[in-house]
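Thanks for making time this morning. I would like to walk you through one structure, so please have a look at the sequence and the model before I go on.

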Amino acid sequence: MSAKGLTSLAVLAPILSGLAIAWSGLAQCAALPQASEPRPKGAIAQASKRAKSTAPKSAAPRWVELRSQNFVVVSDSTVAAAAPVVQNFELARAVFRNLFPNAQVNPGRAFVIYAFRDGRGFADHQPAELEPSLQRSGYFRREEDKHLIALRLDLAEPFRSVVHEYSHLLVALNYPHAPQWLNEAIAEFVTAAQLAGGKLRLGLPVPHLLRALREHDWLPLAEIVKASRNADFFKEEKKAERFRAESWILLHYLELGQPRTDTVRGQQGQLASRLPHYLKLFERGEDPAEAWRHGLALDLDALGPILQEYSFS
């Protein structure tokens, strides 16, 4: 599947205003590096104190702080290494607003992101109760006065898992009863977006999801769109991966694909523009099957083969 959705930054200038502010802020940080000498706070600070008690004074890191309109990044690395953190989170926020122009993207608490140079710094400062599965990449915590995110800069995809969770937060903020398929699909769609050469690139292929679609039998779409968090799909990792993959390709098609027939498209206008209405039906407590019928009016039996062909295009 080829990349789609190449969009000019000029078109999205209002949406990406936070990103512009981020880069102007970086210029100030670069001119006055480490001027404020920020230090970790909260749960990170408690872990930091434990680490400092056994570390030599010469090993104490120097911290830099970068601020955009919406995020604060604190790092024990350089300004240049930490700058993409600001960019990626502002980009995720902008992409979500692009999907849902009327969405609320300010959850009422500050976002503080700790970007650690490597696994050693991350391990020294992580909370003791952190799940072992999260100790290798990053984590997302909701504290009383802020949302706290921690990640490692030395990984191949340092932002993926935490931006994914940030996307779930934005969905919950606006559509707390969103169907599970769309919640997962939005997170994957937002996480895959990239900014390159002055262009916002949406709908880029996600290799592991494409492999799941191309190498395994598909789950029935009717089961996908009505699945809850407790569905059997999530009890087996391979099925869970297929669920995420089909959910992602379905949203990809609704946002960027070209409807092939009136049977699939229905008579309700552009598919992507119907998503907010579809989500509102869930907030009213409508049954998933009825919400699909009233919100998107798609024939799932006809849509299945089209999505399979689309995944190979």
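Let me begin with a question: how many bridges join strand 3 to strand 4, and do these strands run parallel or antiparallel? In this model, which is a predicted one, four bridges join strand 3 to strand 4, the latter covering residues 110–116, and the two strands run parallel. One of the pairings to look for is that of Val 73, whose bridge partner in strand 4 is Ile 113.

Strand 2 and strand 3 form a hairpin, with four residues between them, and the bridge partner of Arg 67 in strand 3 is Val 72.

If we now turn to the side chains, in a regular strand they alternate between the two faces of the sheet. In strand 3, which spans residues 72–75, Val 72 and Val 74 point one way, while Val 73 and Ser 75 point the other way, and all of them are buried.

Next, the helices. Two packed helices are described by the angle between their axes and the distance between the axes. For helix 6, residues 180–192, and helix 9, residues 237–256, the angle is about 75 degrees and the axes are 8 Å apart. Because angles of 65 to 115 degrees count as roughly perpendicular, that is the description that applies to helix 6 and helix 9. Among the residues that make this contact are Trp 181, Leu 182 and Phe 189 of helix 6, together with Phe 243, Trp 248 and Leu 251 of helix 9. Sorted by class, the contact has eleven nonpolar, three polar and four charged residues.

Ala 297 has a positive phi of about 55 degrees, although it is not a glycine. You will find Ala 297 in the loop between helix 12 and helix 13, and with a relative accessible area of 26% this residue is partly exposed.

Finally, the whole protein: it has 13 helices and eight strands, and buried residues make up 50% of its 313 residues. Of the contacts with a separation of 6 or more, 70% are accounted for by residues 24 or more positions apart.

Methods: Residues numbered from 1 in each chain as written. Predicted model: local features only at pLDDT ≥ 70, side-chain atom pairs only at ≥ 80, totals over all residues. Heavy atoms only, no water. Buried < 20%, exposed > 50% of the residue type's maximum accessible area, 1.4 Å probe, protein only. Pairing = 2+ DSSP bridges. Axes fitted to C-alpha atoms, helices over the stretch in contact; angles between N-to-C directions. Parallel < 35°, antiparallel > 145°, perpendicular 65-115°, else oblique. Contact = heavy atoms within 4.5 Å. Nonpolar A, V, L, I, M, F, W, Y, C, P; charged D, E, K, R; others polar.
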